[in-house]
Amino acid sequence: MCLAIPLRIAEINGKEGVGEANGLRRKIRLDFIREPQIGDYVIVHAGFAIERMDEGQALANLKAIQEVADAL
């Protein structure tokens, strides 16, 4: 089973960056994202941003993840 999470790009340094969501900050690789920009939402798996996401969908996914965590 794979798990990927949406993160907002907060910092960019070449092909590396920092993604954040709900207070979590994580180093990520940006190799697969063409012209990444600070503020973009990306889906991250195994430390790699693999695809851009629409902000609305990213926020909906983060909300769903939080609901599951709250239920545990």
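## Pro36 and its contacts

Leaving aside neighbours within four places in sequence, Pro36 is in contact with Ile9, Ile12, Leu30 and Arg52. This is a predicted model. Pro36 lies in the loop between E3 and E4. The C-alpha atoms of Pro36 and Ala49 are separated by 9.8 Å. Along the chain, these two residues are 13 apart.

Two of the partners of Pro36, Ile9 and Leu30, are also listed in the largest nonpolar core. That core is taken up below.

## Overall fold

The chain has 5 strands and 1 helix. In sequence order the pattern is β-β-β-β-β-α. The C-alpha trace spans about 40 × 25 × 20 Å along its principal axes.

How does the radius of gyration of the chain sit with that of a compact globule? A compact globule of 72 residues would have a value near 11 Å, and the chain has 12 Å, which agrees. Take the contacts between residues at least 6 apart in sequence: 33% of them join residues at least 24 apart.

## Surface and charge

Of the 72 residues, 31% count as buried. The accessible surface of the chain comes to about 5,100 Å². Carbon and sulfur atoms account for 53% of that surface.

The chain carries 9 positive and 11 negative side chains. The centres of the two sets lie 5 Å apart.

## The nonpolar core

Which residues make up the largest nonpolar core? There are 10: Leu7, Ile9, Ala21, Ile28, Leu30, Ile33, Val42, Val44, Ala49 and Leu62. Strand E1 (5-13) supplies at least two residues of this core, and so does strand E4 (41-45). In soluble globular proteins, nonpolar side chains tend to be buried together.

Val44 is one of the core residues. Not counting residues up to four places away in sequence, Val44 touches Leu3, Ala4, Ile5, Leu7, Ile28 and Ala49. Of these, Leu7, Ile28 and Ala49 are also named in the core.

## Leu30: a buried loop residue

Leu30 lies in the loop between E3 and E4. Is Leu30 buried or exposed? Its relative accessible area is 0%, so Leu30 is buried.

Beyond four places in sequence, Leu30 is in contact with Ile9, Ile12, Gly14, Lys15, Glu16, Gly17, Pro36 and Ala49. The C-alpha atoms of Leu30 and Ile9 are separated by 9.5 Å. Along the chain, Leu30 and Ile9 are 21 residues apart.

## Asp31: partly exposed

Asp31 has its place in the loop between strand E3 (24-29) and E4. Its relative accessibility is 32%, so Asp31 counts as partly exposed. The cut-offs are under 20% for buried and over 50% for exposed.

Leaving aside neighbours within four places, Asp31 is in contact with Lys15 and Phe48. Lys15 is also a contact of Leu30. The C-alpha atoms of Asp31 and Ala49 are separated by 7.5 Å. These two residues are 18 apart along the chain.

## Ile43 in strand E4

Ile43 is in strand E4. At 15% relative accessibility, Ile43 counts as buried. Not counting residues up to four places away in sequence, Ile43 touches Ala4, Ile5, Pro6, Phe48, Ala49, Ile50, Glu51 and Met53.

Where does Pro6 sit relative to Ile43? The two C-alpha atoms are separated by 4.3 Å, and the residues are 37 apart along the chain.

Most residues other than glycine have a negative phi. Which loop holds Asn22? Asn22 lies between strand E2 (16-21) and E3. Asn22 is not a glycine, yet its phi is positive, about 50°. At 59% relative accessibility, Asn22 counts as exposed.

Glu35 also is not a glycine and has a positive phi of about 50°. Glu35 lies in the loop between E3 and E4. Its relative accessibility is 60%, so Glu35 counts as exposed. Leu30, in the loop between E3 and E4, is buried.

Methods: Residues are numbered from 1 along each chain as its sequence is written. This is a predicted model: local features need pLDDT of at least 70, side-chain atom pairs count only at pLDDT 80 or more; totals for chains, interfaces and linings use all residues. Side-chain values use heavy atoms; hydrogens and water are left out. Helices (H or I, at least four residues) and strands (E, at least two) are DSSP runs, numbered from the N terminus. The radius of gyration is taken over C-alpha atoms; the globule rule is 2.2 Å times the number of residues to the power 0.38. Buried means under 20% relative accessible area, exposed over 50%, partly exposed in between (1.4 Å probe, protein chains only). Contact means heavy atoms within 4.5 Å. Accessible areas come from the Shrake-Rupley method with a 1.4 Å probe; for residues, only the protein chains shown count as cover. Lys and Arg count as positive and Asp and Glu as negative; His and the chain ends are not counted. The place of a charge is taken as NZ of Lys, CZ of Arg, CG of Asp or CD of Glu. A nonpolar core is a set of buried Ala, Val, Leu, Ile, Met, Phe, Trp, Tyr and Cys residues joined through side-chain atoms within 4.5 Å.
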